[in-house]
Amino acid sequence: MMFRNPEVSRLLAISPHLDDAALSFGAGVAEAAQDGVKVTVYTVFAGTAPPPYSPVAEEMHEVWGLSPEDDAPLYRRKEDAAALGHLGVDHRHGRFLDSIYRRSPDGRWLTDRVVGPTQDERRPGIDPDLVAEIRDDIKSVIEEIDPTLVVTCAAVGGNRDHVTARNAALFAARDKNVPIRLWEDLPYALFGKARAVELPDGFGLGSPDFAPVGAEVRTRKFEAVAKYPSQLGMLDGPERNLFARLEEYSRKTSPQHEYGETTWPVVH
């Protein structure tokens with residue numbers, strides 16, 4: 001495992017949403033913590049949005065099993081704290097709003113329909129001002145934690161929030177001269193939604209690194225993912241069977257048919 005390295009003693013994982021780190025890199029952070037690395041997961045889009053909500057947000061709240069009166073982000077933050085605690089890592093929750101709660105400059109809702117398990121991305125364009133705000137917040141977290149490595153999503157599914165968080169993390173890590181790696185976004189790859197990764201100018205991907213883990217760490221990750229019941233209604237069930245598909249996909253990806261996760265180093 002890549003974290004069995006004396007130079008990696010403090011790890012900061014930048015998660016776009018409240019479940020992304022556990023789904024995509026839960027085994028990595030769990031094993032790092034088990035090996036004595038100080039791990040913190042900072043979730044960018046974890047802020048609470050006041051009503052009114054977009055039709056997509058109302059639909060998602062219903063899918064998550066919440067009533068219109070429930071504070072959905074608060075509920076999800078509690079899930080996240082429980083899941084990351086199970087993985088043995090610390091958490092920080094950012095102030096920014098998920099795209100289902102945001103509006104475009106013309107006043108329309110940024111996300112106006114849902115397709116399958118992921119939000120539709122019909123309104124193109126990444127807001128550079130939002131990227132800059134998030135970059136500054138990540139830099140503050142880096143100053144507080146002093147990580148020896150930053151890890152975040154590669155945004156293989158092209159989700160707007162994933163791309164925004166990834167770009168902000170790239171810029172912040174470069175500003176602070178901290179190495180950064182990108183994880184493979186799940187479940188996008190499971191549902192055939194992976195796209196070519198296009199990084200901002202000045203950044204490139206190194207060779208992929210598949211890191212296998214043992215059965216105990218895999219089980220711990222799956223148990224942590226199960227602590228997001230609001231998300232399992234979309235991701236799991238008789239027709240999707242999330243955990244079996246995670247296992248199957250990993251073993252197809254692994255050179256030795258093992259369970260593990262893929263990351264890429266960033267070069268610039």
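Analyst: What follows is a close look at one helix, from its shape to its ends and its surroundings.

This is a predicted model, in which local features need pLDDT of at least 70 and side-chain atom pairs count only at pLDDT 80 or more, while totals for chains, interfaces and linings use all residues. Residues are numbered from 1 along each chain as its sequence is written, and side-chain values use heavy atoms, with hydrogens and water left out.

At the N-terminal end, α3 is capped by D71, which has a side-chain oxygen 3.1 Å from the backbone nitrogen of L74. After the helix comes G88, whose phi is positive, near 80°.

Along α3, the buried residues (under 20% relative accessible area, with exposed over 50% and partly exposed in between, for a 1.4 Å probe and protein chains only) are A72, P73, R76, R77, E79, D80, A83, L84 and L87. Seen down the axis, these buried residues fall within an arc of 165°, so they line one face of the helix; the arc is that of the directions from the helix axis to the C-beta atoms. An α-helix has 3.6 residues a turn, so residues three or four places apart point the same way.

What does this face meet? The buried residues of α3 pack, by contacts (heavy atoms within 4.5 Å), against the helices α1, α2 (55–63), α6 (215–225) and α7 (229–235), and also against the strands β2 (38–43) and β3 (90–93).

L87, which is among the buried residues of α3, is also one of the residues with the most contacts inside the largest nonpolar core, together with L11, V29, W64, Y101 and L242. That core has 49 residues, a nonpolar core being a set of buried Ala, Val, Leu, Ile, Met, Phe, Trp, Tyr and Cys residues joined through side-chain atoms within 4.5 Å. Its largest share, eight residues, comes from helix α1 (residues 20–34), which is also among the elements that the buried residues of α3 pack against.

How values were computed
Helix = DSSP H or I, 4+ residues; strand = E, 2+ residues; numbered from the N terminus. Polar contact = N/O pair within 3.5 Å; in protein donor to acceptor, adjacent residues only side chain to side chain.
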